[in-house]
Amino acid sequence: DIVIPIGQQVPLPPLDSSYSPIGWQTYAPDIAAVSGGMVTGNAVGNTLLVYSDSELRSVSANVIVYDLGMEPGGLQLYVGDYGQLTPVFSANYRAAGGDLSGSWASSNACIYVDANGAVAAQSAGSATVTFTHTASGLTASTTVSATHRGFAPTMGGPGYIEMETGYGDPIVVPFSFTGDPAPTLTLSADVPCYLSGDAVVIPQGVTGTHAITVAATNVHGTAYYTFTLDIHG
């Protein structure tokens, strides 16, 4: 058998000098064609390469033209999860017992791939994972993406707090927030205050108008809650 990767060429079978190269042809030139002493694989399939001349000499060989793909065509994982990629050779090549070995590579360290096509999502991002066939150099690639589980934070609460000066107890402004994984809260204000659970606490003695912002951040993003504190006489 003459085995040809699609789009590539191999030399005609060697014969002694009494045979002319122009005596070669294939039964299906759309699958494999003869030109310039080479056989070119044009499309996946099988055909017969034959030699004949005026002396009624005849030689023949089976021609197998094959291609390479990848399954699945794309893969979406969560960080920490695993998946499996598989090179897919044309059925005619597998039936002929072709060598299926090759090497794997990932374009980004966020996706790790081992020698058997198993992938691991090590961090958020995406990578092109490529299998290279040892025997032919044919390649097949797919995109593997990784995201974090959960969802981005959201926040809410009152937008305006008005107080008279001389209030006795600290002012407690509750707010709500969600997010998975649980977000980290940070406070930004031009007045002394602090976070206590899901509330902002403003101690006694504060006067004037102030903007206070709480940020909730996780791996998916950041949400903000801002309110105005107006303490006047």
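Trainee: What share of the 233 residues of the chain counts as buried?

Mentor: Buried means under 20% relative accessible area, exposed over 50%, and partly exposed in between (1.4 Å probe, protein chains only). Here 36% of the 233 residues count as buried. Keep in mind that this is a predicted model: local features need pLDDT of at least 70, side-chain atom pairs count only at pLDDT 80 or more, and totals for chains, interfaces and linings use all residues. Residues are numbered from 1 along each chain as its sequence is written, and side-chain values use heavy atoms, without hydrogens and water.

Trainee: How many helices and strands does the chain have?

Mentor: Helices (H or I, at least four residues) and strands (E, at least two) are DSSP runs, numbered from the N terminus. This chain has one helix and 25 strands. Its radius of gyration is 35 Å, well over the 17 Å from the globule rule for 233 residues, so the chain is more spread out than a compact globule. That radius is taken over C-alpha atoms, and the rule is 2.2 Å times the number of residues to the power 0.38.

Trainee: What box do the C-alpha atoms fill?

Mentor: Roughly 120 × 25 × 20 Å, along the principal axes.

Trainee: Is Ala-223 buried or exposed?

Mentor: Ala-223 is buried, because its relative accessible area is 12%. Look for Ala-223 in strand E25, residues 221–232.

Trainee: Which residues is Ala-223 in contact with, leaving aside neighbours within four places in sequence?

Mentor: Contact means heavy atoms within 4.5 Å. Ala-223 touches Pro-153, Thr-154, Met-155, Val-214, Ala-215 and Ala-216 in this sense. Take Met-155: 68 residues separate Met-155 and Ala-223 along the chain, yet their C-alpha atoms are 6.3 Å apart.
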